[in-house]
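Today I want to look up some strands first, then some rings.

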Amino acid sequence: NEPINEANVQNELQKLFFDDVVSMRAYTYQKVRNFDFYKKFNGADRGTRTQELALLVYTGDDYSIDQARADANSGNLILYIPEEYVESFYNPMAYAQKITVYASKKMGSSLTERQRRILEDKRQQVSDFELKAKDALIEAASNAIYFIQGQEYPSFTGSIENQVKSAFEKLIMNTYGKLSYITTPINVKDAEKTISEYALSGIPFELDGLRRNHNAYDDVLRYLDERRGRQTIHLKGLIEQFGKAPNGWNDLDVIGLVAGLLHDHKIKVTYLNEMVANDDKQFVSRMLKVSEREKFIIEAVVIVPQRIRKDVMDVMRDAFEFYEVGETYEEIAKNIREQVTKQYKEPIANMLNKKQYEESQYPYPEGTTLLRIRNSLDDLLSETNSERLVEDFIDMEDDFKKWSEELLDIRSFYHGSALHHFDESVQLLKDRHDDIDIASNDETVQSIKKKIIAILTEEKTYDYIYELPILKAQLKEALTKN
């Protein structure tokens, strides 16, 4: 008479129930999303719980009906088998287990042929008792009571599996109150194409004038906006967040919302710290790879207050004669960078490049000014935070006004005839150096020479530089008389 191993019996009943009575691995909700669920029969687990939803089978001999009702929360679907049905499947399964244990022990010892046949007959009875247990378990499950969110549902229609599906539908509707926010799910087969279209053209609007999945769109944006600057949100975490209750959205729909928000300049996305543009040909395929999702960081952008936009517009107008400011800090910062580079950095770099060819004895005017402006612009553009860059740009309004005035004369020197006159004068002094030395006692030659050198070495020589052609001619003429 072998003792009953309660854990083994429960484990076998668990296998029997989830292999033969309710065998589905996941529940497909309205042909939209598959929900995996954890399974447990009394104390016997079917794996480790990692899912939000669970199908828990309670039997009346182990759990009271009040306990079943209390445990029907947080995504738990309780299938409760009343106590009067338990013996019908428990006893045959327990007896089958006793035979199995007894036979396993005896088969290892020396037996007579008659004893061996008796033992084999016993082993063959195991299948009969397991079948009896299965039939009884099916009958018991068909009379089960379901508990969802603490509410009792005596029965659903159809087969046991269909009843469980009906119960899961109700559970999902109760657990995921925002699942209906996804009115148009993304089809798996067309996922990359659809998401790419969302990124390039935006999420389409429906006939009622509302954006497709507009409530979900607003929910994701609100979530990101509330955490902007306080929490780093990776795509992986965003998908996990909106996959949980009360949302229950799948990864494709969340990625589609991200693509739409990126198109609308509501968020900024970085991949390995590099900014991602909505027309980037790789970012959608990367987002669809689970292994890549932690490399993406998603952050809400801030709509700039009207006062800030006006201040930026004033500086942009005066400094660049540019009027397309932008709506977000990122857009404005991008325009600032482009205009500073185009209208200041590049011209200054060009002038400094020409300055490399100056004669050290006669440097081109205001080189220190060019370096000072360039360094200030470098400091401005080194700011990686868009909001701080915009604020710094506004604070530099007076600087830009001053630089505009300073660069007027400097630009005219480098890009007009002044540079030509300057270089020719320096060259004349070099070429006629010996002649000028010989005429050291000639007051006219030395006077003209001093005037030329004074103009060449004057820091702000712009008002005098156009005297150089006359002075050059006079010097040449004076030298011919010596």
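This is a predicted model: local features need pLDDT of at least 70, side-chain atom pairs count only at pLDDT 80 or more; totals for chains, interfaces and linings use all residues.

Which residue stands opposite isoleucine 81 in β5? I looked it up, and threonine 59 does.

**Entry 1: β5.** I started with strand β5, residues 76-81. I checked its residues for burial, and 6 of the 6 are buried, so β5 is largely enclosed by the rest of the structure. Then I looked at which way the side chains go. Asn76, Ile78 and Tyr80 point one way, while Leu77, Leu79 and Ile81 point the other way.

**Entry 2: who pairs with β5.** I found strand β4 (residues 53-59) paired with β5 in the parallel sense, over 6 bridges. Besides threonine 59 and isoleucine 81, I noted alanine 54 opposite asparagine 76 in β5. I also found strand β6 (residues 145-148), which pairs with β5 in the antiparallel sense over 4 bridges. There, isoleucine 145 in β6 is the bridge partner of tyrosine 80.

**Entry 3: β4.** How many of the residues of β4 are buried? I got 7 of the 7, so β4 is largely enclosed by the rest of the structure too. Leu53, Leu55, Val57 and Thr59 point one way from β4, and Ala54, Leu56 and Tyr58 the other. Strand β2 (residues 33-41) pairs with β4 in the parallel sense over 5 bridges, and phenylalanine 41 has valine 57 in β4 as its bridge partner. I also traced β4, helix α2 (residues 65-71) and β5, which make a right-handed β-α-β unit.

**Entry 4: rings.** I looked up the aromatic pairs and got 25 of them. In one of these, the rings of tyrosine 27 and phenylalanine 168 have centres 5.9 Å apart and planes at 15°, so I wrote the pair down as stacked. Tyrosine 27 lies in strand β1 (residues 26-29) and phenylalanine 168 in helix α5 (residues 160-175), so this pair ties together parts 141 residues apart in sequence. Both tyrosine 27 and phenylalanine 168 are buried. Phenylalanine 413 and phenylalanine 422 pair edge-to-face, at 5.6 Å centre to centre with 90° between the planes. Phenylalanine 413 is buried at 0% relative accessibility, and phenylalanine 422 is buried with a relative accessible area of 0%.

**Entry 5: a cluster and two arginines.** Ring pairs link Phe320, Tyr344, Phe393, Phe400 and Trp403 into a cluster. I spotted arginine 411 over the face of tyrosine 344, at 5.9 Å from the ring centre. Arginine 211 lies over the face of tyrosine 217, at 3.8 Å from the ring centre.

Key: Residues are numbered from 1 along each chain as its sequence is written. Side-chain values use heavy atoms; hydrogens and water are left out. Buried means under 20% relative accessible area, exposed over 50%, partly exposed in between (1.4 Å probe, protein chains only). Helices (H or I, at least four residues) and strands (E, at least two) are DSSP runs, numbered from the N terminus. Two strands pair if DSSP finds at least two bridges between them. A crossover is right-handed if, with the strands pointing away from the viewer, the path from the first strand over the helix to the second runs clockwise. Rings of Phe, Tyr and Trp (its six-membered ring) pair if their centres lie within 6.5 Å; planes under 30 degrees apart count as stacked, over 60 as edge-to-face and the rest as tilted. A charge sits over a ring if NZ of Lys or CZ of Arg is within 6 Å of the ring centre and within 35 degrees of the ring normal.
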